[in-house]
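Please read these notes with the structure open beside you. They are written for someone new to reading models of this kind.

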Amino acid sequence: MSFLKKLPVVMMLAFPVLACAQDAQAQRGSGGGEMMRRRPPSSLQLLLENRETLALTPEQVGTVSGLQAALEEKNAPLIEKLEALRPPHPPPGAGGRANGGPPAGAPPDAATMEARRQQLEPLFQEVRANDDAAYAQAEAVLSDTQKTRARELITQAREQERSRHEAMRQRMRGAQ
């Protein structure tokens, strides 16, 4: 199965973390007091983070950077919608299990969780489709060697994200 056919499946496993995402500014540490939640990097971000490993030329970096900026702009309304659907969290120090206090509230029932999932899934699919399309454009400027290495790096990063997500789910199950 080709990488681009696997990417949506891998991203589907990784993107639930996206529902907990902050904007890109918060990811870089804007100095806010609340715990920063991170969003998995886009395929283009991974290319830029690994520019030396991939031996990207300055022209390629410029192209990928431009595509990344366009992707962020295109996904911004989707990220806002995902943020709006994120369940509220109690403010720091307001009790809750993490602070040793009582649970902040009853966990949502299965019907509520399913309804939220149905609202989130089309948004996740659109974010994934945007990432896939942007990556396809970026691949057009890569050499065959760079494409192969980029696909390996992206697959590895997505697998690490999936593993982190699964570990988080296991911790949450154990805390209940």
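The points below go from the whole chain to single residues.

1. Basis of the notes. This is a predicted model, in which local features need pLDDT of at least 70, side-chain atom pairs count only at pLDDT 80 or more, and totals for chains, interfaces and linings use all residues. Residues are numbered from 1 along each chain as its sequence is written, and side-chain values use heavy atoms, with hydrogens and water left out.

2. Confidence. pLDDT is the predictor's confidence in each residue, from 0 to 100. Its mean over the protein chain is 76, and 65% of the residues reach 70 or more. Residues 6-36 have a pLDDT below 50, yet this stretch has 61 contacts in the model beyond near neighbours in sequence; a contact means heavy atoms within 4.5 Å. Where pLDDT is low, the predicted coordinates should not be read in detail.

3. Overall make-up. The protein chain has 7 helices and 0 strands. Both are DSSP runs numbered from the N terminus: helices are H or I with at least four residues, strands are E with at least two. Of the 176 residues, 33% count as buried. Buried means under 20% relative accessible area, exposed over 50%, and partly exposed in between, with a 1.4 Å probe and protein chains only. Among contacts with a separation of 6 or more, 71% join residues 24 or more positions apart.

4. Helix α5. This helix covers residues 58-85. Its end C-alpha atoms are 39 Å apart, which agrees with the 40 Å that its 28 residues should span at 1.5 Å a residue. The expected span is 1.5 Å times one less than the number of residues. α5 bends by about 45 degrees at Ala76, and Pro77 follows within four residues. A bend is the angle between axes fitted to the seven residues ending at a position and the seven starting there. The buried residues of α5 include Val64, Leu67, Leu71 and Leu78.

5. Helix α6. Residues 110-139 form this helix, whose 30 residues reach 41 Å from first C-alpha to last, close to the expected 44 Å. The C-alpha atom of Leu120 is separated by 8.7 Å from that of Lys81, 39 residues away along the chain. Lys81 is partly exposed because its relative accessibility is 48%.

6. Nonpolar cores. A nonpolar core is a set of buried Ala, Val, Leu, Ile, Met, Phe, Trp, Tyr and Cys residues joined through side-chain atoms within 4.5 Å. The largest has 18 residues, and Leu44, Leu47 and Ala138 are among those with the most contacts inside it. Helices α3, α5, α6 and α7 each supply at least two residues of this core. Another core lies apart from it, with 7 residues, including Leu78, Leu120 and Phe124. Which residues does Ala138 touch, not counting those up to four places away in sequence? They are Leu44, Leu47, Val64 and Leu67.

7. Ala55. This residue is found in the loop between α4 and α5. Ala55 counts as exposed because its relative accessibility is 53%. Although not a glycine, Ala55 has a positive phi of about 55 degrees. Most residues other than glycine have a negative phi.
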